[in-house]
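Let's learn to read helix packing and pockets together. Have a look at the model first.

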Amino acid sequence: MEIKTAEAQRKEGKEVVAYLRSPAAIRERCGQLFTLAVTGKSRHFGCDVSRLGMVADYVIEVIREGYPDGDIPFHSRWRHFEVGGVQRLSRLDEMLAGLAPLERAAAKFDLAIVSVLLDAGAGERWCYDELETGLSFRRSEGLAIASFHMFCQGAFSSDDKRSLQVDGKRLQALTQQELADGFGVSEENPLLGISGRLGLLQRLGQTLVSSPQMFGENSRPGNLVHYLMNQSNHNQLAATTVLDAVLQGLGEIWSGRIEVDGVNLGDVWFHPDVVDDGLVPFHKLSQWLTYSLLEPLQELGLEITGMEALTGLAEYRNGGLCLDLGLISPKHLDILQSSHLVSSEVIVEWRALTLILLDLIAVEIRDKLGKSAEELPLVKILQGGTWVAGRKIAAQLRTGGVPPIQIVSDGTVF
């Protein structure tokens, strides 16, 4: 029997962590569960890939409705900031006009990071009333607009002279009442998982303060801009490098998650049918954040390469699309009638199937439109796209557009 030294075990642990943080691991581990489903061996879901063409047609119809000129932007948090046709980003640019380009990008990183981390399921009853416009927004858009206004009001900054920033000192001091007030929460307007969201921001604050090598002495998430600029080569930056920075820099903010070699893995869950260690990574919020950080980097003149290495987002709109249009089918009614923990086999499997199917839907869409992966990357298909299509079919099938499977949300995953 081979006895491994402590150094060998540490090295092995680091290799496992690096692997589970990679898009390749996401696809490989999710692919195992996909294979079980399409061969009828899954305990929870069937998968009918013969419906891929029909689903692609449905998504193409949605793309043409939303983007008749074919000019589809990235799927990122920046789309939500202009919901309702309000030019909020123009206002933000005016507020940042006196800053140097790198500092403007850092401020946008600050906003995107805190806003994405607050973007988990809001529930059916909550909405955000925007005083400036008189408009009301629900779900992801409502969360975006609420966080946007909190940022513009300096709610995440400890420096009165630099209000348009996020810093660790302020996040650690943030209270649940302040967050509730910023999101218009009341007994009549409850927001799911508000304590989980607060805890996430407070842990972000702790991480920012404890990692000056990535976030600077002033403990700002936006200082990742400087870190990433140093990682670029000939004005090019790989999308996976941005994801690596997000996973490395923010990994410790997730609470109660699986650890390997003392490292918090984040959005990684256990499923007994996955070989080796049973771990299935998704990194949904981290990849959503990565997609949202690419545009400020492009504004600095960087060319983002290797976009297709990143995966789709394993969340309930994309997953709902696959289930509502029959690509995925539950094997027992309890799946649709009960609420499930994020860590449950049902949710892990649903997310895994969704992620693989997004790749296959993208291939079908490109074939039908005669586009290459470079011309129509997955990040645009998500925006155009599958996420909107998932919301549309949900609204047609269920009151309030709720997802087909109910998830017990703690405010940190979906």
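**Reading helices and pockets**

A: Welcome! In this predicted model, helix 3 and helix 18 pack with their axes 9 Å apart, at an angle of about 100°. Helices (H or I, at least four residues) are DSSP runs, numbered from the N terminus. Axes are lines fitted to C-alpha atoms, for helices over the stretch in contact, and angles run from 0 to 180 degrees between N-to-C directions. This is a predicted model, where local features need pLDDT of at least 70 and side-chain atom pairs count only at pLDDT 80 or more, while totals for chains, interfaces and linings use all residues. Residues are numbered from 1 along each chain as its sequence is written, and side-chain values use heavy atoms, leaving out hydrogens and water.

Q: How are helix 3 and helix 18 oriented to each other?
A: Two packed helices are described by the angle between their axes and the distance between the axes. Here, helix 3 and helix 18 are therefore roughly perpendicular (65 to 115 degrees; under 35 is roughly parallel, over 145 roughly antiparallel, the rest oblique). Their contact (heavy atoms within 4.5 Å) includes Y58, V59 and V62 of helix 3 and G384, G385 and A389 of helix 18.

Q: Which classes of residue make up the contact of helix 3 with helix 18?
A: There are 7 nonpolar, 4 polar and 3 charged residues. Ala, Val, Leu, Ile, Met, Phe, Trp, Tyr, Cys and Pro count as nonpolar, Asp, Glu, Lys and Arg as charged, and the others, Gly among them, as polar.

Q: At what angle do helix 15 and helix 18 pack?
A: Helix 15 (residues 316-324) and helix 18 (residues 378-397) pack at about 60°, with axes 8 Å apart. The two are therefore oblique to each other. Among the residues in this contact are R317 and L321 of helix 15 and W387 and I393 of helix 18.

Q: What space lies in the largest pocket?
A: Rolling a probe the size of a water molecule over the atoms shows where empty space is left. A pocket is an open set of points on a 1 Å grid over the protein atoms alone, where a 1.4 Å probe fits, with protein on both sides within 12 Å along at least five of seven lines; lining residues have an atom within 4 Å of a point. The largest pocket holds about 320 Å³. Its lining has 17 residues, with G123, E124, L192, Q406 and I407 nearest the centre.

Q: Which helix gives the most to the lining of the second largest pocket?
A: Helix 3 (residues 52-66) does, with 3 residues.

Definitions and conventions:
Grid points are joined across faces, edges and corners, and a volume is the space filled by probe spheres set on the points.
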